[in-house]
Amino acid sequence: MTYKNHSCDSRPSFAATKLTHQVDIDTGQPIALAIASSSGLKTHNQHISPFFFLTMNSLRTTSTRAVGPLLRGLSASRSHSTSSVSANELSHFSGLASSWWDPVGPSRILHLMNPLRHDFIASCLAESLPQPRTPTLNSQNPDTITTTTAAAAAANNLRYLDVGCGGGIFAESLARTIPSTPSAPATHTRAASITALDPSPTLIKIARDHARLDPTVDAHLRTGRFSYQNRTLEDLVAQVHAADAPAEQTFDIVTLFEVLEHVDSSAGSSPLTFLTDCLRLLRPGGWLIGSTIARTFPSFLVNQVIAEAPWPIGVVPRGTHEWSKFVNPDELEGWVQEGLMRARDGAAVRAGSEALRDMRWKCTGVMYFPGLGWKLVPGSESWGNYFWAVRKGV
């Protein structure tokens, strides 16, 4: 499939916030109903926003009482936090968690978007593959090389990071492309492993429980090729950069599907800060790939007025989107360029155009057609939903 590249805008941000675990992730017993996360973001705000989760009355009733204290605590600490996770977004999406994997529920069409996401990722890899990781000798036996080198020689050797994974709709679909044996032929994603993050304990538990229903995916969970982590993006960035060999813990592909338009903008966070953190976790030559919605009049009509209208016209709960948070392609491209200059050691080590050397940017519109599904529509980026990607220079 061919993708048309367009100079897109720039403006994204999302971040995960560190929440006090209000749910026992292993038992699933609520201590205080957990809040939803920007990961859910990802699932909902899906292009064209159309499909989302219907709020279950029982969840609503429970969450109103249980989540209140947690939200107040989160709000009170926000001035001291650098997290880009919005308490309101977390609260909204927590009420939708139960419908994540309902095959005939409101998130059904979000699942149908996965094939197009995979195709877009494959198109990026067809343009340029991330560089193999640097071979290193085994200190105990100089005649052997490390597993890192062995992985680099394999056809499927890419490490993925999915930020804001929600209930795992995309992450689980990508995990199914991971071969069971290193010698397997190259897949369209070339995935060797995937790590999926979300700040919501509730959504991470839903994602893990569903993944265990598939023997193949469950096997990847047990071997560590696939993992769900209940943490924020900022927390992972801090851990990676505190490691002895931070470069070995970075990723070849970072994905942000339906996340940017839910990022909280406050004194401690912004779309630019969020994107910069994502780029810090990306290896040179790697791809940061995502999708979001343009902030235009057509997108306001489609994604808010129509999509959030009362049933039977609307397809998502009211309040799912906030038009002012939508991101135009040119804004996004500008943020990505600035983020590349900041990403190295937290500062613009290479000034100006030098920091953007070998960078690649691509953007294409995507629309949902009833009865036909999601389709790429190059040139329609300003109408609403679009895919975007940036390759980090070597």
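Biologist: What share of the contacts in the protein chain with a separation of 6 or more comes from residues 24 or more positions apart?
Modeller: It's 80%, where contact means heavy atoms within 4.5 Å. Keep in mind that this is a predicted model, where local features need pLDDT of at least 70 and side-chain atom pairs count only at pLDDT 80 or more, while totals for chains, interfaces and linings use all residues. Residues are numbered from 1 along each chain as its sequence is written, and side-chain values use heavy atoms, leaving out hydrogens and water.

Biologist: How many helices and strands does the protein chain have?
Modeller: There are 13 helices and 8 strands, taken as DSSP runs (helices are H or I with at least four residues, strands are E with at least two) and numbered from the N terminus.

Biologist: And how much of the chain is buried?
Modeller: Of its 394 residues, 57% count as buried, meaning under 20% relative accessible area; exposed is over 50% and partly exposed lies in between, with a 1.4 Å probe and protein chains only.

Biologist: Which residues are buried in H13?
Modeller: Among them are Pro-329, Leu-332, Val-336 and Leu-340. The cover over the buried residues of H13 includes helix H11 (271–280), strand E6 (360–369) and strand E8 (385–391).

Biologist: At what angle do H11 and H13 pack?
Modeller: About 55 degrees, with their axes 8 Å apart. The axes are lines fitted to C-alpha atoms, for helices over the stretch in contact, and angles run from 0 to 180 degrees between N-to-C directions. That makes H11 oblique to H13, because under 35 degrees is roughly parallel, over 145 roughly antiparallel, 65 to 115 roughly perpendicular and the rest oblique.

Biologist: Which residues make that contact of H11 and H13?
Modeller: Leu-272, Leu-275 and Leu-279 of H11 are among them, as are Trp-335 and Val-336 of H13.

Biologist: What about H10 and H11, how do their axes cross?
Modeller: The axes of H10 (residues 233–242) and H11 come within 10 Å and cross at roughly 40 degrees, so H10 and H11 are oblique as well. The contact includes Val-237 and His-241 of H10 and Phe-274 and Cys-278 of H11.

Biologist: New topic: is Pro-115 buried or partly exposed?
Modeller: Pro-115 is partly exposed, at 48% relative accessible area. Pro-115 lies in helix H5 (residues 114–127). From Pro-115 to Phe-170 is 55 residues in sequence and 9.6 Å in space, C-alpha to C-alpha.
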